[in-house]
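Open the model in your viewer and keep the selection panel at hand; the tour below goes from one selection to the next.

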Amino acid sequence: MEPRPISQRESHISSGEKFRVAVLISGGGTNLQALLDAATVGSIAAEVCLVISSNPEAVGLERAKRAGVPTAVFRSKDFPDLPSFRRALLESLRDSGARLLVLAGYMKKLPREVLRAYPDAIINIHPALLPRFGGKGYFGRRVHAAVLAAGERVSGATVHLVTEGYDEGPNLLQEQIPVRSDDTVESLAARVLAVEHRLLPAAVQAFADGRVRSQGGRVWVEPA
Ligand code: GRF
């Protein structure tokens, strides 16, 4: 059986129309900024059509507003119950016309309804070489502290497909960097973040190009 492109399976993108991406954040949004910048300079043929934050104070919301991208804050506590929160979140994503959802520092679990509505079309960026140093509890500084504590010689960043478990979906792209003997959590985090800012736009471009393939449960990115 021919491997199928997973990003354009149901899409009918007419020429000139950009590949629409919704980005979900909870904090600083430097990865969001990398996508906004890449879209502005045309190094990705995609547009960020919506930014959703789980946190009304997220600095990333300002980044989106500066770029003229619509924003929304979704917190379950602002809704009468969980089903109405989930419905509203899904509706907002659907209304945006996004073909791909990008979790860029999003600290919440996505509702099952959203996972089902976007099969093979939700990605997350993680600041380590998954499957190592991932899963519940591995976020922010903790990831880099664990890498240093384990005496790892390499670290890096991973873009993976999102499934129900934390950081569990198949890897799509990964880039390694050496860990230096004098690295601190901060210095390692900064170098990994620079990698993330390249890797995430590259992953979005792969989806926009229809170069993300799946066959028999395996997922990979074809070279450009
Ligand atoms: C990044 O390190 C990303 O890998 C992780 O959360 C962090 C988000 O950073 N999932 P930013 O908000 O994009 O600056």
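Which residues are around the ligand? Select Gly28, Gly29, Thr30, Asn31, Gly105, Ile125, His126, Pro127 and Glu196, each of which has a heavy atom within 4 Å of the ligand. This is a predicted model, in which local features need pLDDT of at least 70 and side-chain atom pairs count only at pLDDT 80 or more, while totals for chains, interfaces and linings use all residues. Residues are numbered from 1 along each chain as its sequence is written, and side-chain values use heavy atoms, with hydrogens and water left out.

The shell around the ligand comprises two nonpolar, six polar and one charged residue, with Gly counted among the polar ones. Helix α1 and strand β6 (122-126) each supply at least two of its residues; helices (H or I, at least four residues) and strands (E, at least two) are DSSP runs, numbered from the N terminus.

Next, display the polar contacts, which are pairs of N or O atoms within 3.5 Å. A polar side-chain atom of Glu196 is 2.6 Å from a ligand oxygen, and a backbone N or O atom of Ile125 lies 2.9 Å from a ligand nitrogen. The protein buries 79% of the 370 Å² that the ligand exposes when taken alone, by the Shrake-Rupley method with a 1.4 Å probe.

Now select α2 (residues 59-66), where Gly60, Leu61, Arg63 and Ala64 are buried, meaning under 20% relative accessible area (1.4 Å probe, protein chains only). They lie on the same side of α2 because they cover an arc of only 155° around the axis, taken from the directions from the helix axis to the C-beta atoms. Their cover includes β2 (19-25), α1 (30-41), β3 (46-53) and β4 (71-73), with contact meaning heavy atoms within 4.5 Å. Finish at Gly68, which follows α2 and has a positive phi, near 75°.

Technical notes:
Buried means under 20% relative accessible area, exposed over 50%, partly exposed in between (1.4 Å probe, protein chains only). A polar contact is a pair of N or O atoms within 3.5 Å; within protein, one must be able to donate a hydrogen and the other to accept it, and residues adjacent in sequence count only if both atoms are side-chain atoms.
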